[in-house]
Amino acid sequence: MRLRNGTFLTVLLFGLCGLISLSWYTAFSNSKGDVVDIYQREFLALRERLHSAEQENLKRSKELNLVLDEIKRAIAEKQVLRDINRTWSSLSDETKLKLWNVTSSSSKNVLQLPSIFHHLPHLLAKESSLQPAVHLGQGRTGVSMVMGVPSVRREVHSYLTDTLSSLMAELSPTEKDDCVIVVFIAETDQQYATSVADNLKRLFPVEIQAGLLEVISPSVHFYPDFSRLKESFGDPKERVRWRTKQNLDYCFLMMYAQSKGTYYVQLEDDIVARPNYFTTMKNFALQQPSEEWMILEFSQLGFIGKMFKSLDLSLIVEFMLMFYKDKPIDWLLDHIMWVKVCNPEKDAKHCDRQKANLRIRFKPSLFQHVGTHSSLAGKIQKLKDKDFGKQTLHKGHANPLAEVSTSLKTYQHFTLEKAYLGEDFFWAFTPVAGDFIRIRFFTPVRIERYFFRSGNIEHPGDKLFNTTVEVQPFDNIQSEKEALKEGREKTPKYHRTEDGFIRIGMFQNGIAEGEVDPSFGPLEALRLSVVTDCPVWIILSEIFIKKAE
């Protein structure tokens, strides 16, 4: 019995062990299947990623091959273009324009709009033909007013620096921040254009640095061949060339200025400006009852003082380019207005009334023409704007009692005595080095400051150049002790001349002004000394010597 029971227990034990082993095996088999499935899925995902990477690699490889092909083609085309450029200049303008039209109309059914190249096809020859060759300035934009001043080489006398001095002298600090004066040197002689720009940079460094003044010149490839122009309206060929080039000068200047400000004012390089001209023009424009106007005139002469809305410049330039060879600028402007408002079925009086709404005149004139020698060789013009009014040619002050003398030869009745008393201006023949103007006070006087202005509105070029301001203290010994710099070595603060005068200032752009060092004490005399020969006559239009309180 015991044996049977033991055998039964043994069999039962083995059965349980087998059952457990079978359960474990089944569980292990199921677990192993899950792992295999996971590995299979990851493998499939990896294979998919590898396939995608291979496809992306092929795509990048094709793109790189395309870029390499483009580079090779560009190099080949550059070599071809070198060969083409050798013959391009021999092609006619018409042929160049046709080639440009063909290459620019690659898409079918696309209309080709007219452009500057249709009117000036020679510009296609060089990419730089519309880029300024000389560009001096800060590129100021966002101002109320841009003033364009075209300037060309004149055979006799240049008025440019005098014009710029007049324009900038009449601007307040606030006005200087709200405008740009663009000088366009309308010459393709790069050496000349650069020399003019360098001279303006030397004379007006502050204005250029501040962005008030900019100087540009055209590319040597901007102008067409003027030799094929036809004579018209009885003008000789040289005058036709002059007025044709002038039209293109205005176009270049307007194209450059149109994005810089709200209004554009066309000026010339031989004018003077009336005080407060900037604010007067700006207010007159803003006070117009409507925006229908096209031109506001601030001078009755030629193309001086003509204001346009910058938004209208594109229209004006396009019209001028269509007919730049046919008529002068003032006729073209009149034709634009005729096209805009005149009815061919009505009479000329009706047309004039309609044009008067587009062309509005301001009086009195704000600019006066002062040039005598025209930019057209051999032409003398004595044009004066009668609406400008008679201007004061001198400014008087109550100066300390003194005896005045000069080594300069006086012209007619324009004496130094009258200028010192404020009765008139002093006018003298061309000074040479060593000439002087001396003011000797009757009794020694303490001077706070001085101001001398040379030239006037009718003769702005008659200025003093390279001329010093000197004083002679009453007590030379004491003043020499006081007017020293402090330091280990006491060196003179001012230059002293051999005859006892002390140099305290110099003329800049025709003006000398400054304060007198109080350490000098009472002054016995004041003197203007010419250091080098002067190329022009001189005018002293203002003398102001302010006594110390």
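Buried means under 20% relative accessible area, exposed over 50%, and partly exposed in between, with a 1.4 Å probe and protein chains only. I am working on a predicted model, where local features need pLDDT of at least 70, side-chain atom pairs count only at pLDDT 80 or more, and totals for chains, interfaces and linings use all residues. I number residues from 1 along each chain as its sequence is written, and side-chain values use heavy atoms, with hydrogens and water left out.

**Ring pairs.** I looked up the aromatic pairs and found 25 in the structure. Rings of Phe, Tyr and Trp (its six-membered ring) pair if their centres lie within 6.5 Å; planes under 30 degrees apart are stacked, over 60 edge-to-face, and the rest tilted.

I opened Phe-233 and Trp-331: the centres are 5.2 Å apart and the planes stand at 85°, so I note this pair as edge-to-face. Phe-233 is partly exposed at 48% relative accessible area, and Trp-331 is also partly exposed, at 38%.

Next came Tyr-411 and Phe-414, with centres 6.2 Å apart and planes at 10°, so this pair is stacked. Tyr-411 is partly exposed at 23%, whereas Phe-414 is buried at 10%. I then saw that Tyr-411 and Phe-414 belong to one aromatic cluster with Phe-425, Trp-427, Phe-429 and Trp-537.

**Charges over rings.** I count a charge over a ring if NZ of Lys or CZ of Arg is within 6 Å of the ring centre and within 35 degrees of the ring normal. Lys-309 sits over the face of Trp-293, 4.0 Å from the ring centre.
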